[in-house]
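Hi everyone, thanks for coming along. I'd like to walk you through one structure this morning, so please have a look at it with me.

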Amino acid sequence: MKNKIHNSFVNQKLKEYAKKESKPLAFGLILTFIRTAMEIIGPIIIGHILNNYIKLDMGRDDIKPIAILLTLYLIVYVLAGLFSNLTRIAFEKAANSIAFNAQKDVYNHIQELPISYFDSLPAGNIVSRITNDTKKLKRMFQLILAELTTSSIIVIGISIMIIIRNPIVALLLLILVPAIYYIFTDLRRKTSKYSRLVREYTGEINATINESIQNMEIIQAYNKEDFIRGEFKEINDNIFMNNLELTKLRSYGGFRAIDGLQYIGILLVIVYFGFGRITENYPVTIGSMYIIIDYVSKIFDNLKTVVLRLAELEQSYASATHVFDLLKLDTAEKLPEDIGDIKGNVKFEDVYFAYKEEDVLKGINFEVSSGESIAFVGSTGSGKSTIINLLLNFYQPREGNIYLDGKNIKDIDRSSLRKDMAVVLQDSFLFESDIRENIRLGDQRFTDEDIKKALIEVGGDSIVERGIDEKILEKGNNLSQGEKQLISFARAYIRNPKILILDEATSNIDTETEKIIQRGIDKLKEDRTTFIIAHRLSTIKDVDKILVLNRGRIIESGNHDDLMKMKGFYRNMYNEQIRNG
């Protein structure tokens with residue numbers, strides 16, 4: 001039942017996309033019918049020549065009508081070729097538009113998925129669905145669908161002509177229908193199985209490649225190249241073996257089987273006409289026999305085309321399923337309220353949260369007034385980053401509430417909520433563009449002067465001297481860690497946020513660079529509510545409030561001086577860091 005429901009959804013989506021391209025698809029179908037008519041007329045012309053003009057006592061008077069009919073035959077087949085090409089162009093145009101729309105819809109849909117979805121699916125798998133699978137979806141509407149549709153119409157049209165011209169031959173050929181049906185059903189069942197496996201292994205190998213490239217330093221540092229190669233080879237071998245099975249199916253299980261049936265079909269036609277000629281029980285002409293044999297050959301030639309494309313159709317359908325699986329995922333709930341201008345008053349009220357089963361946060365309560373700064377410290381896994389994720393509404397509390405300027409953020413539109421927030425992460429992400437665009441992020445409000453001023457204000461004078469046109473390589477490999485962080489700080493500063501979030505923003509840089517960046521942090525903190533997740537406690541000595549977390553609970557709170565007087569967890573952490581330099 002589940003599979004039927006799933007197929008129903010896929011079929012519905014395919015129909016929706018096809019409906020948007022109904023004009024080129026309808027045009028292609030019309031051209032296919034015209035081409036089929038040409039394919040039917042051609043043999044009739046030759047049959048007419050054989051019956052009426054090819055004889056032992058041919059004279060000069062017979063040459064002219066033969067020449068006219070052969071010219072007509074040539075025109076018919078030139079037109080058939082022309083309509084065939086026009087059909088392909090029409091279907092390909094529709095296929096390109098469908099693939100474009102599907103790829104756009106999937107990508108846009110992914111932008112609106114909850115962050116929790118990306119926690120569970122590798123990036124390579126998502127990339128594979130957007131690129132490889134939509135390409136195969138295009139293939140479905142392109143040559144495959146065009147050829148399958150054309151071949152099916154030709155088979156049906158010519159079969160009808162055989163029934164009209166010679167019902168007895170049509171009845172004889174019916175003997176082959178059960179065998180044809182068995183070949184197609186068996187082929188479809190097996191190709192569906194192997195196509196599904198190829199699709200799954202392809203997604204897996206994309207995820208493996210993506211992961212390996214991103215972590216090449218670790219792989220080489222620990223001499224794990226052979227291990228990774230082994231993993232890759234195992235998946236690659238599975239793809240190869242399943243594709244080989246598909247090739248065997250097409251070559252031996254389908255194509256050759258149809259070839260054999262074609263020989264049997266032609267043999268039945270010859271026997272029928274031969275028997276009629278010998279017994280003279282029914283009229284037989286060489287032209288009629290030629291027409292029927294030509295028709296039978298065309299039917300089986302087109303059935304072979306269907307067999308050749310059937311495996312690709314199954315692969316394309318499997319890919320369509322993979323693509324539309326993404327579209328079935330629920331996007332983040334649209335929230336109704338526009339918060340307007342943010343002041344920056346934040347309140348967590350008895351908040352509990354769990355990523356899976358065990359709570360990561362347990363009864364978190366605190367308030368921050370507009371313009372104040374608050375820092376969160378604690379051991380790894382204590383819940384510091386989770387608080388930030390909840391504030392940004394990437395996730396929602398299992399229990400409790402979070403208020404911004406007195407409004408519950410579970411009701412606030414996420415774009416409205418985040419428009420006056422800026423985040424600087426521990427690992428600064430930079431796009432493969434120039435420095436200008438990495439700070440601007442497509443917002444044309446910011447001029448070059450604004451960008452340079454932002455960099456200078458946060459301590460990035462040296463970057464300004466080098467020029468904001470400098471191209472940034474993948475992962476910012478041509479910049480130092482400190483320079484990457486300064487660009488991240490400038491990205492936040494230029495937007496003049498009401499709420500600033502610093503998630504261990506200085507933990508990956510050296511002490512000298514930290515002093516420069518600390519100037520940027522101090523500048524950023526002015527007149528705005530600031531949330532800081534701190535690794536180095538020396539950087540938060542002047543914040544208004546520090547919360548010490550342990551296993552999801554707040555165990556101490558106060559400013560630096562208050563916490564040092566408590567002689568508790570915070571003081572021990574601070575003294576240990578001082579001793580360790």
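Let me start with a question: which residues does E337 touch, not counting residues up to four places away in sequence? The list is K407, D411, I412, D413 and S416, where contact means heavy atoms within 4.5 Å.

Before going on, a word about what we are looking at. This is a predicted model, in which local features need pLDDT of at least 70 and side-chain atom pairs count only at pLDDT 80 or more, while totals for chains, interfaces and linings use all residues. Residues are numbered from 1 along each chain as its sequence is written, and side-chain values use heavy atoms, with hydrogens and water left out.

Back to E337, which sits in the loop between α10 and β1. Helices (H or I, at least four residues) and strands (E, at least two) are DSSP runs, numbered from the N terminus. With a relative accessible area of 27%, E337 is partly exposed; buried means under 20% relative accessible area, exposed over 50%, and partly exposed in between (1.4 Å probe, protein chains only). The C-alpha atoms of E337 and K410 are 9.3 Å apart, although 73 residues separate the two along the chain.

Compare H109, in helix α3 (residues 60–111). H109 counts as buried, at 14% relative accessibility. Leaving out residues up to four places away in sequence, H109 touches L326, L327, L329 and T331.

Another open sheet has 6 strands, ordered β6-β7-β8-β3-β9-β10, and its pairing is mixed. Its edge strands, β6 (421–424) and β10 (553–558), each pair on one side only. From one strand to the next, the twist averages 15 degrees. Helix α11 packs on this sheet too, touching β3 (373–378), β6, β7 (499–503), β8 (529–533) and β9, and its direction makes about 145 degrees with that of β8.

On a 1 Å grid over the protein atoms alone, a pocket is an open set of points with protein on both sides within 12 Å along at least five of seven lines, whereas a cavity is a set where a 1.4 Å probe fits but cannot get out; lining residues have an atom within 4 Å of a point. Grid points are joined across faces, edges and corners, and a volume is the space filled by probe spheres set on the points. Of the 22 lining residues of that pocket, V155, V177, I180, I299 and L303 are the closest to its centre.

How many cavities of 30 Å³ or more does a search of the whole structure find? There are 2, and the second largest cavity holds about 40 Å³ of space. It is lined by K136, S195, V198, R199, Q315, A318 and S319.

How values were computed: Two strands pair if DSSP finds at least two bridges between them. Axes are lines fitted to C-alpha atoms, for helices over the stretch in contact, and angles run from 0 to 180 degrees between N-to-C directions.
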